[in-house]
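Trainee: I would like to learn how to read side-chain features from a model. Can we go through one together?

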Amino acid sequence: MAKPPCIALPFKKTAETDWVRPLRQYIARTLQDDPDEYAGDCQALQRMRQDMRGAKPDETGKDVIFRYYSHLEALERRFRVGEQGVRTAFQWSDAFTGESTTQHALAFEKAGVIFNLAAAFAMQGATLLAESSSGMELDTIHTASIYFQVAADRLRFISKSFLHAPSLDLQQETVNVLDSIMMAQAQECALIRSRLENKKDVTLSKLAQQAAHMYSAVYDSLKTITESHRLPRGWLLLVETKLRYYQAVAQYYE
């Protein structure tokens, strides 16, 4: 059974940064403690960031990205990171334009890391759907659906938690549309799996109607921001094609 082409999110690129020196300075100046006692922890955090920069969209890569993010969460509870605290410079490039932004805010670093976690899930979901074989097809399609939903959840978290995005790819309009795309692709997976399981026509029609409805909403949102937020123009054509296709599928099974 032919699989539909899917939209996969690109990684945001980030330049190298130094965690060790700013942390040591903060420990000595603000905590009035011996920074040498924390040398191992500082180096470990530095290595985790380096590993995160080279992460791939696979199971290991997702673990590497999430591990670094979890340490950022722990760090935030103990240290003040920013202009008046641990003054580490974070430079991230827009996933779609390549334009770079540098900030000292930990929230900016966390948003970039979460975006790449969402991208890793999205890329792996798209790969699974494209490469699913007949032997493991149902399980693979189900896993792809879960990955799309996890990607959507991470994007939704960015939308709700980081309200002052300095780059277009992290702005609410962008991440909300990316969230909707991921959920529409998860709906596609549900329809594909149901067709392979030979579900009743009425069920297939409803699933196709829902997919068409979701792609209709995505299309309307994309039309509004594709140019202003510099998203790939090909996405608009692909989404419109899927909208018309699933409308036709729904009518066929109806």
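Predicted model: local features only at pLDDT ≥ 70, side-chain atom pairs only at ≥ 80, totals over all residues.

Trainee: Which residue lies over the face of Tyr147?

Mentor: Lys62 does, at 3.8 Å from the ring centre.

Trainee: How do I read a pair of aromatic rings?

Mentor: Such a pair is described by the distance of the centres and the angle of the planes. A search of the whole structure finds 8 aromatic pairs. Take Phe121 and Tyr147: the centres are 5.5 Å apart and the planes stand at 65°, so this pair is edge-to-face. Phe121 sits in helix H4 and Tyr147 in helix H5, 26 residues apart, so the pair links distant parts of the chain.

Trainee: Are Phe121 and Tyr147 buried or exposed?

Mentor: Both are buried. Now take Tyr245 and Tyr246, an edge-to-face pair at 4.9 Å between centres and 70° between planes. Tyr245 is partly exposed, at 41% relative accessible area. Tyr246 is buried, at 2%. Ring pairs join Tyr245 and Tyr246 with Tyr215 in a cluster.

Trainee: How many disulfides does the search find?

Mentor: A disulfide is a covalent bond between the sulfur atoms of two cysteines. The search of the whole structure finds 0. For Cys189, the closest cysteine sulfur is in Cys6, at 6.3 Å, so the two are too far apart for a bond. Cys189 is buried, at 1% relative accessibility.

Trainee: In which sense do strands E1 and E2 pair?

Mentor: Antiparallel, over 4 bridges. Gln91 has Thr102 in E2 as its bridge partner. The two strands form a hairpin with 6 residues between them. Gly98, in the turn, has a positive phi of about 80°.

How values were computed: Residues numbered from 1 in each chain as written. Heavy atoms only, no water. Disulfide = S-S within 2.5 Å. Buried < 20%, exposed > 50% of the residue type's maximum accessible area, 1.4 Å probe, protein only. Pairing = 2+ DSSP bridges. Phe/Tyr/Trp six-rings, centres within 6.5 Å; stacked < 30°, edge-to-face > 60°. Lys NZ or Arg CZ within 6 Å of the ring centre and 35° of its normal.
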